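Hi,

Here is the structure I promised to pass on.

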Amino acid sequence: GREWTEVGSLAEGLEGRTVLVRGRAQTVRAVSKKMAFLIVREKGFTVQCVLSVSPDVVSLGMVKFTTGLSRESYVDVEGTVSVPNSPIKGASQQVEIQVRKVYCISKAVPALPINIEDAARSELEIDKALQAGEQLVRVNQDTRLNFRVLDLRTPSNQGIFRVQCQVENIFRQFLLSEGFVGIHTPKLIAGSSEGGSAVFRLDYKGQPACLAQSPQLHKQMAICGDFGRVFEVGPVFRAEDSFTHRHLCEFTGLDVEMEIKEHYSEVMDIVDRLFVELFDRLNERCQKELEAIGKQYPFEPLKYLRKTLRLTFQEGVQLLKEAGIEIDPLGDLNTESERKLGQLVLEKYGTEFYILHHYPLAVRPFYTMPCSDDPTYSNSFDVFIRGEEIISGAQRVHLPDFLATRAEACGIDVKTISTYVDSFRYGAPPHGGFGVGLERVVMLFCALNNIRKTSLFPRDPLRIAP
Ligand code: ATP
Ligand code: AMO
C-alpha cells in the first residue's frame with residue numbers, strides 16, 4: 001500500500017519529502033488560471049496546498065478541476081513538503097504541500113448548511129470580522145446540532161470529544177489500578193432508581209418498566225454479590241422536563257461503588273485521588289486538544305489543589321452567610337447559591353474543585369445513610385467544578401428493614417424495589433459510592449457554557465434527532 005501522512009504531523013522535518021494526505025477540501029482559492037491554493041483539513045488540522053502549473057507535473061486542467069471542488073469534498077493530495085518564507089495564515093501547519101496530484105474521493109453538495117470556517121470562529125473573532133465588514137454567518141446552537149456531522153468537524157469539537165475519551169480512559173485505568181471491577185448493569189429496569197419522577201416509562205412485554213435513571217440499585221447489588229469495588233461507564237436516562245444548560249435526557253454516567261471499612265471518607269479519598277490524577281493527565285496528554293478548544297472558547301486552566309478541599313455543608317452555609325446570602329441550613333443549594341459558593345471557595349482557598357459533604361438527610365435520595373450521631377445529616381457529598389455539580393455520592397443504607405423504612409418515608413412504594421431491598425437480607429457489607437456526569441466533567445473542565453457542546457448527539461426535552 002501507499003504511505004499516508006496525517007495533516008497534523010506535517011512539519012519542517014519533512015521538507016523535500018513526497019507525501020500523500022487525505023482530508024477535506026476546506027477552501028479553494030484561485031489566484032489565476034495557473035495557480036490556486038487548496039486548504040486541506042484532517043481531524044481539525046489544516047495544511048495549505050499550492051497548485052502551480054508546470055510542464056509534465058501540474059496541468060491547467062488540474063488547476064481548473066481543483067478550483068471547481070466543492071467545500072468539504074473528500075480529497076487525496078500528493079506533493080512535496082516545502083517551508084515558506086513567511087508564516088502561513090489560515091492553516092494550522094506551518095509547511096506547505098507543492099501539489100503534484102489531486103484526486104476527489106467523495107464530493108460534498110455545493111450548498112452546505114454550515115460553513116466550517118465560520119462555525120470554528122470564536123465570538124471575539126466573529127465580532128471583529130463583522131466590524132471589519134466581512135461576510136459571515138454566526139452559526140447558532142440549534143443549527144449546529146441539526147447538522148451535527150458538519151459541526152463536529154471544527155477543531156474545537158475534534159478536541160472536545162478526544163478530551164472526553166481521555167476522561168473515560170483515565171477513569172477506567174485509575175479504578176482498575178485500585179482493584180475495581182468494571183461491570184454492566186441493566187438499562188431496562190422495573191422502576192425508578194433515584195425515587196424521582198423523571199423516568200422514561202415503557203412497556204416491557206406487557207409489564208411496566210423504565211429506562212434506568214442510574215445504575216444505583218444494581219451497582220449496590222453487585223457489592224452484595226461480593227465484588228468489593230465496582231465501576232461502570234454507561235448511559236443514564238432522565239426524563240428532565242426543564243431546559244437548562246446542564247441537563248440532558250440521556251448522558252453518560254461514570255459510576256463507582258465500594259465497600260467501606262470505617263467511614264464514608266474512604267469514598268471521598270477515591271474521588272480525591274481519581275480527580276487529581278484525571279486533571280493532571282488531561283493537562284499532560286491533551287495539550288493540543290485543549291489548545292484547539294480554547295482557541296474557539298477561551299478558558300483559564302482549572303485551579304485545583306494536590307489534596308482536594310473538603311468542606312461540610314454547614315461550613316458552606318456559613319461561608320454564604322458571611323457573604324450575605326441566607327440559605328436554609330437544612331435545604332439544598334440552588335444553582336445560584338452553588339455558583340456563589342464556588343466563587344467564595346475560590347477566593348478563600350484558591351481552588352475551583354472541591355467536595356461538599358455531610359448534607360442534610362432530607363435533600364438526599366432514600367438510599368443515603370444518615371449520620372449515626374445526628375440523623376438530620378447524612379454521610380453524603382457533592383463535588384463541584386467551577387461552582388457546578390459534577391458528582392453526587394454517599395454511604396448507603398445496608399440494613400434492609402431500615403432501607404424499606406427510608407424508602408417509605410420518601411414516598412416510594414417498596415414493592416417496586418423489593419428485589420433490591422431483599423438483596424441486603426443475606427448479609428451486606430457497609431458500602432458507598434458516587435456517580436459522575438461525563439459530559440459535565442468535560443464541560444466544566446473547559447469552562448464551556450452548555451452541556452450540549454460535550455454530548456456527541458445530545459438528547460434534551462426538545463431533541464431526539466439527529
Ligand atoms: P442531582 O440529581 O444530584 O440533584 P443535578 O445536578 O441534576 O444532580 P438537580 O437536582 O437537578 O441537580 O439540581 C441541583 C440544584 O439546581 C437544585 O437544588 C435546583 O434548585 C437547581 N435546579 C435544577 N434544575 C433547575 C432549573 N431548571 N433551573 C434552575 N435551577 C435548577
Ligand atoms: P445524581 O442524580 O446526582 O446522582 O447524578 C450523578 C451525576 O450525574 C450528572 N447528571 C446529569 N448530567 C447531565 N444531565 C442530567 N440530566 C444529569 N443529571 C445528573 C451530574 C450528577 O452529579 N445514583 C446517584 C449517584 C450516586 O450516589 O452514586 C445519582 O444518580 O454530574
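On the H10 side, Gly316, Leu319 and Leu320 are the residues that meet H11. Their partners in H11 are Ser337, Lys340, Leu341, Leu344, Val345, Lys348 and Tyr349. Sorted by class, this contact between H10 and H11 has six nonpolar, two polar and two charged residues. H10 covers residues 313-322 and H11 covers residues 335-349, and the two pack at an angle of about 85° with their axes 10 Å apart. Angles from 65 to 115 degrees count as roughly perpendicular, so H10 and H11 are roughly perpendicular to each other. Before you go further, keep in mind that this is a predicted model.

Next, a pair of helices with another geometry. Helix H6 (residues 155-177) and helix H8 (residues 265-285) have axes that come within 10 Å and cross at roughly 135°. That angle makes H6 and H8 oblique to each other, and their crossing is right-handed. From H6, the contact uses Val163, Gln166, Val167, Asn169, Ile170, Phe171, Phe174 and Leu175. From H8, it uses Ile270, Arg273, Leu274, Glu277, Leu278, Arg281, Leu282 and Arg285. The class count for H6 with H8 comes to 10 nonpolar, two polar and four charged residues.

H8 also packs against helix H9 (residues 287-296), at an angle of about 85° and with the axes 5 Å apart. H8 is therefore roughly perpendicular to H9. Here Leu282, Asn283, Glu284 and Arg285 of H8 meet Gln287, Glu289 and Leu290 of H9. By class, that is two nonpolar, two polar and three charged residues.

Now the ligands, which I guess you will want to open up first.

Which residues surround ligand 1? They are Arg238, Ser242, Thr244, Arg246, His247, Asp332, Leu333, Asn334, Thr335, Glu389, Ser392 and Arg440.

- Arg440 has a polar side-chain atom 2.6 Å from an oxygen atom of ligand 1.
- Leu333 has a polar backbone atom 2.8 Å from an oxygen atom of ligand 1.
- His247 has a polar side-chain atom 2.9 Å from an oxygen atom of ligand 1.

And how many residues surround ligand 2? There are 23, and the closest are Glu194, Gln216, Lys219, Glu389 and Arg396.

- A polar side-chain atom of Lys219 sits 2.7 Å from an oxygen atom of ligand 2.
- A backbone N or O atom of Ile390 sits 2.8 Å from an oxygen atom of ligand 2.
- An N or O atom in the side chain of Arg238 sits 2.9 Å from an oxygen atom of ligand 2.

Two backbone details to finish. The peptide bond from Ala465 to Pro466 is cis, with omega near -5°. You will find Pro466 in the segment after helix H14 (438-445). The other one is Asp56, a residue other than glycine with a positive phi, near 70°. Asp56 lies in the loop between strand S3 (45-52) and helix H1 (60-67).

Cheers

Terms used
Residues numbered from 1 in each chain as written. Chains lettered and ligands numbered in written order. Predicted model: local features only at pLDDT ≥ 70, side-chain atom pairs only at ≥ 80, totals over all residues. Heavy atoms only, no water. Axes fitted to C-alpha atoms, helices over the stretch in contact; angles between N-to-C directions. Helix = DSSP H or I, 4+ residues; strand = E, 2+ residues; numbered from the N terminus. Parallel < 35°, antiparallel > 145°, perpendicular 65-115°, else oblique. Left-handed = near helix turned anticlockwise from the far one by under 90°. Contact = heavy atoms within 4.5 Å. Nonpolar A, V, L, I, M, F, W, Y, C, P; charged D, E, K, R; others polar. Near = heavy atom within 4 Å. Polar contact = N/O pair within 3.5 Å; in protein donor to acceptor, adjacent residues only side chain to side chain.
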